[in-house]
Every structure is written in C-alpha cells, then in structure tokens.
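Student: Could we go through this model together, slowly? I'd like to ask things as they come up.

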Amino acid sequence: MAGTGFCHQPALEEPGMFIGAADLQEQRTIDTDICIIGCGAAGIAIARSFLGTKTRVAIIEGGGFEYDAESQDIYKGSNSGLPYPPLDVTRLRYFGGSTNHWEGQVRPFSAADFETHEWLPNSGWPIKLPDIEPYYEQAFNICMFGSGTYQWERDYWLRQLGIAHFLPDERIFELEFFQCMRRVQPSWQSFGTYVRDALDKSENISVYLDLNVIELNTSEQGDAVSSVSLVSKSGKHLALRARTFVLATGGIENARLLLVSNTTVKEGIGNRNGLVGRFFCDHPVGHAGRLVTTERTPIDKAFAWHTTASGSCYTAQLSPSFAFRKKHRLANCCVRLLPAPLPHSAGSAAAKHIVEALRRGEWPDNLLSEIGTVITDLDALVERQYHKLRHTRPEYFTVWTRVEPVPNYDSRVALTDERDRFGKPRVALNWKVTDLTQHTMNRLANTFATEVGRLRIGRVQIDPGLENDWENHFHVGNHHMCTTRMAEDERNGVVDADCKVFSMDNLYIAGSSVFSTAGSGTPTLTLVALALRLADHLKGLHV
Amino acid sequence: MKHLTRRQALVYLGGIAAAGFTPAATVQAAPSQTVVTAAMKLFARPETRASAALIGQTYLRSHPCENNTETLIRALDFMAGYDLEQGDTAVLARLYAQRISQDFESADVVNVDGWILSKTEARVFGLLALQQTV
C-alpha cells in the first residue's frame, strides 16, 4: 500500500485475543496492519484468511458476544419508503452480526447475474463469475461449517432423491437446488461460534468488542483513511491506526459510516458522486399463491428439506431460464413450494380422494373433474384450518417467490437529523422498487401456474394481493444490498472491482453493500466469497 | 374406480393415442344437448359436476361473449372425432386431458378467481353452468 504515510508502531496489546472495551485505557491508540470494522460474515471471513500469517489484524465489533438492547439501539432508524422491518430488527449488532438470525441458505450466483442486460437498468458487475468462482467453494465450507457437498448440478441432486420424471420445461424453468445448515439440525451452530475458537487462539488477530466507530478519519487530502475514532459503551474514547481499513458492517451501516465520516470530506467518504447509500435493495419475497396437486410424490421429494449424512440440508427451487427471462424482459426470480396441510372440507375430500387413490395405485374416475371440487372449496377453509392441522401430512403447497430487486437509484440509505447515543446521525431508509420488480413477480407466478398445468401436477391459484396490493403483499429477505455498489468507475458506483473505495488509497468495503446487482439468491455465500477474494487482494498488499 | 398401474395412469393423463375409431356424430353437427350430455360424462360424481358448474359461472361472468351454449360448443373442438352418442367415456376423458395439456403448453389459459385454468376446462365448466341454469 503506497502513499498512506504510516509508520509502524508496536501494538499496545499482544494481538491474538478477544479484548473488551473495559480492558482498554482511555485515549489509547491501537496500531495494526489491517483494521476490519464489523464482525459479521464478511469481516470474519477476511480475518480468518489471515490466521497464522504475519499480518496483524484488528477487528472492531460494536457489540459483545450476546445480543444487547443498548448496543442494538444504535441500529434504530426511520423508513419513508415501502413497508420494511424496523432497522434495529432487520440486522443484529453483536459478534457474528446478522448471521445470528441467518437461515443459512446458500447457492452461488449464476454467470448471468454478473452480466449486463439491456432490459435491466443498472445491471452488470465489473467482475464476472470466473473472477469469484475460485472462492465459492471455500466460502461454502465456511458458511456450511465444513458440512455439505459443494455440488450444484441438478442431476446430482435428482439422483440423490431418486426423481426421474419431475422435470419442468427447460426452455421455461430450471430446477435448481440450494443447501443450508438448518437451525433444527443438531450440528447447527452460529457463524460466530464456528470461528470463535480459531480467532481466540490466533497470534495475529485481535477482536475488540463493544467498541463503536464514530468516524473514519482521513488524511488532509481526503484520499486515505488514517485512523478510526472509537468510543466504548461507557464513553471511553480511543483511536485505531492501520495501513488498511476494511468496512464490513452490513449493507446499511457501511453507507452510514461513510456518510458520517465527513470532517474532511464534506459529502462523506467515497461520496463525490452522491452514490453512497443509493441503490439500496432487498429481495422481495412473498406468497404468490397456492398449489393443489394431483401428482404429489415428485413435488414432495423435490421441494421438501432433505438431510445429508453430514447433517447439511438441501431442497429445490424453480427459476425461469435465462432465455425465458431475456425473451420476456424479466429480472431474476425463483419459486419454491412450501407444504401446507389439507383442511377438512368437501374440497379436501375431493383432493384426498385423488391422493389416496394414487397412493393405492388406483386412478380416480374423471380426475380432472375432481380438481373443480377442490378449487371451489379451497378459499374459505385453507387459512382457517392451516394452523389447527399443521401436524397433518401436507396436501397443498404455498407458492413462495423471491425476486431480484432491479437496481433503483431512488432507493436509498441517507442520514437523519436524529442522533444515536454517541451523537452519530441515524439512518433514514427510503426503500423503493421498480415496476419491473413487481411485473417479474406477477409473471413468475402466472408462468409457474401454467407450467404446473402443463406438467399435470395440479392447479395454482394466484394470490389476488399480487395484483391488487403488491406493495403490502410481499415481505423482504432482510438482505441489505448495493448501497456501496461495485462499478467500473466512480460515476456508477462506490467501490472498484477490488472492493476499494474509489478515490481512497486504503479503504475497502466487504459485504453485500458492494453487490452491483442482487440476483435472486440469498447473498451470504456470494458476500463471503467476495470477502475471501478481497482477503487475497489484501494479502498481496501486506507481504 | 378403475385400477391402474402408475404407468397406466401416466399414459391415461398423457393422452397417448388410443386405437382408431370412426366417429358417428361430430360436435359441430350434433344437437347441443348431445354435446352437453357428453361433457357431463366427464363429471361422474354430482358434487364434482356442481363444483365445475360453479367455476363455470365465474368464468362466464368474466367472459360474457361466451355465455351461450352454441359459442361454447363451437370452441370445444376437442370433442371433434369423438362419437358423442356411442363413444367410450374414457376416450372422451383422454381427449379432454390431452387438450388441457395443449392449452397449458401454448399458454392458452384463463384466470378464474385467481385459479389459472386451461381455456378448455373453463369452457367445459361454463357449459355445465349453463346446463344447470336451464
């Protein structure tokens, strides 16, 4: 790293331990090689890459090892956009970060997710899948705690399931599988727990807990970070100097910390073009409808959770093929089927008639006519009976969808006049989605319904809320993305292909805030892979 | 209840062509009531027939231009070639299933109260609805 002007000073504490703010002296300055701000998936992945090296790494974590309401309060903010969970609920502020409420689902982005598509505004990354692919398997091993099989071929998983004939029209849908470590599994552990011992035994990595970053201080020219100002919960002020800084505090907080760091750079660090906090997005997810089936076995198998010998889990989803999305100018998206139990009713009797006959190897007379009874009776009864009968064998499926949010300049994280207990401006979120995002979800639901009919596995009822009350109908994945987008140049983003903030010599960003686009998959595997790639880059600078 | 193996069941729904037969009366030439009677054979159980008619009413409300027997019969050409008076109901059911599949294949579908149905099945339901109101 050239031009930062730092001279090395010995660390005041022996590196290689967890250090609480209470053990630090007031006005102390900590020196290190790399300072990682944030101890979530991205920060931990980078730190872990430096285990056993000669590079001194300090990680700053605002919280402790456990949830603490006082610390969590720092994350409060407002929202003037689409309905969104409270900002102190949608993320977590303690060791492990938001992985502490992570569901653990992983699947790599596709090659198309990185490409520019003329029908998708602001699409395209400056890196492509081959740039990140070498890091996916290592990221997978971290995210899956060493379990699972790094395998994404459809036929491999179909063979595991013994499914031969449940294949959608590949011109329209691709059957994909994703994996996870589910919390219900005995082998599940939190991300933080998984790495805690290794960090604790490290000789070159120090984790500072309960230290809050007040501001990133820059050189006079504003082209490098010189130190970070820190304050403990009890009000103790400290500073940390490093050769390289990595901001890894999540998609909302990364933007906030850049914007509040405005003593030298008035518009905020990396914000010369006003893009910090812009393009905020999350995955709209929602129940698009319900499926009643006449041919259940392959669906049961493909869309249920299955456990491998190593304790990992896998299940299926359907995604429109790239050709289909291109033809119909859609964003990326996927559909999953969640089992829903059968209510007692005349309609359910008809459905049972179908299903039980099939199980006996019989075929009910006029099968297609039975569908009518099921359909006409379904609406009033499903929801009422759902919870009452939740332990029964499912006979219906909820059609669950997740859509790629189209990058939207007007959707943003900004600062408010309200301040947190350390005097730092709180976050104002204004989440917006484009019409294309809504159109994609509607089109996905209708296309899936038609494919279900073509496959002769049942009929789908589209939820009227998709058309009539879309904004209140969907939920979110709690995936905070794209607020410090990666781009070819600073007119279009905040970080370059190496995740370095444009115009800054020594400031890097890790996490899903650097995503140029969001894809339709869960972000954690990709953000960890990007973090590992960044770690490799930093190793080259710290030899 | 007819006993079928799983493979037979798939063939049944798959609409694999049955042995050829010579139609005695075509749907276009047949009296309306003959067609309606044939369509009702698809719904052996009274409750399924009633359910189908209920859906049919909804379909016809949203497609008023099809709210008459003649128009619906003209549109239900899947019965063409089927012996409306002497034909085996299983053959008719197969033709019905085959056409429904074709409808979904070509996205010739209709939204009835949110349900995405084949245009053909919605029209058959409509025919039953009109029959009930006669």
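Student: How many residues of α1(A) are buried?

Tutor: In this predicted model, nine of the nine residues of α1(A) are buried, so the helix is mostly covered, where buried means that 20 or more other C-beta atoms lie within 10 Å of a residue's own, exposed means 12 or fewer, and partly exposed is in between, with C-beta atoms placed from the backbone. Among the buried residues are A:Ala42, A:Ile46 and A:Arg48. Helices (H or I, at least four residues) and strands (E, at least two) are DSSP runs, numbered from the N terminus.

Student: And how should I read the numbering and the confidence limits?

Tutor: Residues are numbered from 1 along each chain as its sequence is written, while chains are lettered from A and ligands numbered from 1 in the order in which they are written. As the model is predicted, local features need pLDDT of at least 70 and side-chain atom pairs count only at pLDDT 80 or more, whereas totals for chains, interfaces and linings use all residues.

Student: At what angle do α1(A) and α15(A) pack?

Tutor: Helix α1 (residues 41–49) of chain A packs with α15(A) at an angle of about 35°, and their axes are 8 Å apart; axes are lines fitted to C-alpha atoms, for helices over the stretch in contact, and angles run from 0 to 180 degrees between N-to-C directions. The crossing of α1(A) and α15(A) is right-handed, a crossing being right-handed if the near helix is turned clockwise from the far one by less than a right angle, and left-handed if anticlockwise.

Student: Which residues make that contact?

Tutor: From α1(A) they include A:Ala42, A:Ala45 and A:Ile46, and from α15(A) they include A:Val528, A:Ala531 and A:Ala535; two residues are in contact if their C-beta atoms, placed from the backbone, lie within 7 Å. By class, the contact of α1(A) with α15(A) has 10 nonpolar, two polar and no charged residues, where Ala, Val, Leu, Ile, Met, Phe, Trp, Tyr, Cys and Pro count as nonpolar, Asp, Glu, Lys and Arg as charged, and the others, Gly among them, as polar.

Student: What does A:Ala531 touch?

Tutor: Not counting residues up to four places away in sequence, A:Ala531 touches A:Ala42, A:Ala45, A:Ile46 and A:Ala510.

Student: Which residues touch the most other members of the largest nonpolar core?

Tutor: They are A:Ile46, A:Ala510, A:Val528 and A:Ala531, in a core of 181 residues; a nonpolar core is a set of buried Ala, Val, Leu, Ile, Met, Phe, Trp, Tyr and Cys residues joined through C-beta atoms within 7 Å. Helix α15 (residues 524–541) of chain A gives the most to this core, with 10 residues. The core also draws at least three residues from each of domain 1 and domain 2 of chain A, with domain bounds that come from an automatic or database domain assignment.

Student: At what angle does α4(A) pack with α15(A)?

Tutor: Helix α4 (residues 129–143) of chain A and α15(A) pack at about 115°, with their axes 8 Å apart, and their crossing is right-handed. Among the residues in the contact are A:Tyr136 and A:Phe140 of α4(A) and A:Leu525 and A:Arg533 of α15(A), and the classes come to 12 nonpolar, two polar and one charged.

Student: Changing topic, is A:Asp210 buried or exposed?

Tutor: A:Asp210 counts as buried because it has 26 C-beta neighbours inside 10 Å. Its place is in the loop between β7 (205–209) and β8 (211–218) of chain A, and its phi is near 60°, a positive value in a residue other than glycine.

Student: Where is B:Ala107 found?

Tutor: B:Ala107 is in the loop between α5 (89–105) and β2 (109–112) of chain B, and although it is not a glycine, it has a positive phi of about 55°. B:Ala107 is partly exposed, because 15 other C-beta atoms lie within 10 Å.
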